[in-house]
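Biologist: I have this one open on my screen and would like to go through how the pieces pack. Please begin with the terms you will need.

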Amino acid sequence: MPKSVSHGSHNLYLSKDFEVKTEGSNYTDASGILKDGFSRLLYVVEAAHVINSDFSHFDPSNMLQGMNVVISSPSDELQYGIDESYKLSIPMQGKLIYAHLEAQTVYGALHGLQTFSQLCRFNFKTRIIEVHQVPWTIIDQPRFSYRGLLIDTSRHYQPLPVIKNVIDSMAYAKLNVLHWHIVDAQSFPLEIPSYPKLWDGAYSILERYTTADAAEIVSYAQRRGISVLAELDVPGHALSWGIGYPSLWPSKDCPQPLDVSNEFTFEVIDGILSDFAKIFKYRFVHLGGDEVNTSCWGRTPHVRKWLAKQRFNESEAYQYFVLRAQKIALSHGYEIVNWEETFNNFGNKLNRKTVVHNWLGVGVAQRVVAAGLRCIVSNQDKWYLDHLDTTWDQFYMNEPLANITKPQQQKLVIGGEVCLWGEHIDGSDVEQTIWPRAAAAAERLWTPYDKLAKDPRQVTARLAHFRCLLNQRGVAAAPLAGPGRVAPEEPGSCYQQ
C-alpha cells in the first residue's frame, strides 16, 4: 500500500498512442531502462485482452495521452539503499491530459510504472483500456530497503527463462533483491573461471550456468530495479565442491564441511569471490555459515592433527573458517551476510560490516541489533515459502521489527526476505509456490507500519485481486484459500479463491 493516496471517481481512456515523455528530467536514459520499463507497462496493461475499439469515437478530452516522467538523478547505478520513492499524479482534465511521474531515481520511476499499471483495466463495453477513479495522487516509498526473495538452484536447476519469469513477477510486487542460493551440497552449477572443475559438481552438463548466464541474470534483474545477492555457503553445504577438487574434502568418506586445515580451501574461496566480484555488483555477498556439523573435522586424522597444532577445538575451527572467509570477501569489496548460527556462536567476533540473516527462531533479530549489527529477517516459521502449511495471512502478519522498540535499533533491521528452498521446487511449480504468499510479505516490507492491516481479513480481497492480476500477466499464482501451492478447490471466480 502506498504512503499516501487520494483519488476521484472519473474515468479516462488510454490513447492508442499512449507515450512516455521526459520533459524536465535529468535522466537521459542512455541505457534504455526507462524506455524498456514503459514498454513492459504497455505490454502488461494490454496483454489480457484484445483492444479493438475505433478510437475516433471517443472524446479526446477523456483520453490520457501519455505520461511525463521526471527523474532527478542522472545515474542508473543500482545499489543497496538507493532512493526508490516516487510521486504519481493523474489529472482529470486538460487540453492534452498526461499523467505525471516524479522520482529521484529511475528505479523509483519503475515502481511508479508498476503502480500505474494496477490502475488500468479493460472496459468490456468500450473494448479499450481505462484508468479508473481519476484524479489520482500517490506519494510512495518503501519502508525497508531490502525486500528479498531467495531461490535455490542447487537442489533443482532452474533454467534461465524460469529465473527471468521470477524476476518479472518480483517487480510486480516491488521486491528488490533476488537472493541467489547458487550452490549447495547437491550440485555446483556455476562456472568459476578461476577453478574450472568446480562445475563438475553440476547434476549434468546441461544443468549449468556460464558466467555469461550469471551476468545476464544480474543485468535482467537490474533493469527491473532488482539487485542479485549471490550466496556461497561455507564451510558446510559444500559437498559438491569436491567432485571437481577432491582435496577440498576432509576425506572421501567425510566430505563436508570443507577442509579447514587445507590452504587450498581458502585459495578456492578467494578465486570464487574474485570471479563473483566481476559479475555480482551488489554491496553484499552471502557467505552462509549455517548448519555446520564439525564432527567430520574431528574424525579425520590430518584435520585433527591440524586442530591440535592450532590449539583449536571444532567450534573454534568453525569460527576461524567463517572469519577468514569474511576477510576474503572484504578484500574483494563486499560487505557480508551470514546466517544466524555465526552470530549465535560467536557474534562478538563477527566483522562489524556483517549483516546477520535470521532464519531459525524468534528473538534473534532483537539480540542482533542490540549488539549493533544489522539484520535481515526470514524466520522459517513464517517466511519460508517451501513450508506449504504456512498460509498467506501468517506471511502478512510477520513483523520484522517485533519487540524492537528503540529507533536506532529498528534502523539496523535492513529488511526481510521470503525463502524458497528447492528440495521440492523446479520449473514446474516455482511460481505457484512463491505467489501469492510472497506478495503478502512484500506488502509488509513496503507499506508504512501505520497503514498495515491489523487484521489480515482486511487484506483478503486486495490480495485476491493481485493474485488474479498475476494470473492475467501469465504468472501461475496459486489460490489464497488453503496452504501454499494449493489447487483450486472447485469451479469458481478467481477473485473468490
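Modeller: A crossing of two helices is called left-handed if the near helix is turned anticlockwise from the far one by less than a right angle, and right-handed if it is turned clockwise. The helices (H or I, at least four residues) and strands (E, at least two) are DSSP runs, numbered from the N terminus. This is a predicted model, in which local features need pLDDT of at least 70 and side-chain atom pairs count only at pLDDT 80 or more, while totals for chains, interfaces and linings use all residues. Residues are numbered from 1 along each chain as its sequence is written, and side-chain values use heavy atoms, with hydrogens and water left out.

Biologist: Which way does H6 pass H9, left-handed or right-handed?

Modeller: The crossing of H6 with H9 is right-handed. H6 and H9 (residues 314-331) pack at about 35 degrees with axes 9 Å apart, where axes are lines fitted to C-alpha atoms, for helices over the stretch in contact, and angles run from 0 to 180 degrees between N-to-C directions.

Biologist: And which residues in H6 and H9 meet?

Modeller: On the H6 side they include Phe-266, Ile-269 and Leu-273, and on the H9 side they include Tyr-320, Phe-321 and Ile-328; contact here means heavy atoms within 4.5 Å.

Biologist: Let's move to H4; how many residues does it have?

Modeller: H4, residues 211-222, has 12 residues, and from its first C-alpha to its last it reaches 16 Å, close to the 16 Å expected at 1.5 Å a residue. The expected span is 1.5 Å times one less than the number of residues.

Biologist: Which residues in H4 are buried?

Modeller: Ala-214, Ile-217, Val-218, Tyr-220 and Ala-221 are buried in H4, with buried meaning under 20% relative accessible area, exposed over 50%, and partly exposed in between (1.4 Å probe, protein chains only). Seen down the axis of H4, these buried residues fall within an arc of 165 degrees, so they line one face of the helix; the arc is that of the directions from the helix axis to the C-beta atoms. An α-helix has 3.6 residues a turn, so residues three or four places apart point the same way.

Biologist: What covers the buried residues of H4?

Modeller: The cover includes helices H3 (160-172) and H6 (263-279), together with strands E8 (177-181) and E9 (227-231). The axes of H3 and H4 come within 10 Å and cross at roughly 20 degrees, and the two helices are therefore roughly parallel to each other. Angles under 35 degrees count as roughly parallel, over 145 as roughly antiparallel, 65 to 115 as roughly perpendicular, and the rest as oblique. The crossing of H3 and H4 is right-handed, and among the residues that meet are Ile-163 and Ile-167 in H3 and Ile-217 and Tyr-220 in H4.

Biologist: How about H1, which residues are buried there?

Modeller: In H1, the buried residues are Ile-33, Leu-34, Gly-37, Phe-38, Leu-41, Val-44 and Val-45. They cover an arc of only 130 degrees around the axis, which puts them on the same side of H1. The face turned away from that buried side carries the exposed residues Lys-35 and Tyr-43.

Biologist: At what angle do H1 and H2 pack?

Modeller: H1 and H2 (residues 106-118) pack at about 10 degrees, with their axes 10 Å apart. That makes H1 roughly parallel to H2. Phe-38 and Leu-41 of H1 are among the residues making the contact, as are Leu-110 and Leu-113 of H2.

Biologist: Changing topic to the backbone, which peptide bond is cis, with omega near 0 degrees?

Modeller: That is the bond from Val-234 to Pro-235, and Pro-235 lies in the loop between E9 and helix H5 (241-244). A cis peptide bond also joins Val-134 and Pro-135, with omega about 5 degrees; Pro-135 lies in strand E6, residues 128-140. Most residues other than glycine have a negative phi, and most peptide bonds are trans.

Biologist: Last one: is Arg-147 buried or exposed?

Modeller: Arg-147 counts as buried, at 0% relative accessibility, and is found in strand E7, residues 146-152. Not counting residues up to four places away in sequence, Arg-147 touches residues including Glu-84, His-111 and Trp-446.
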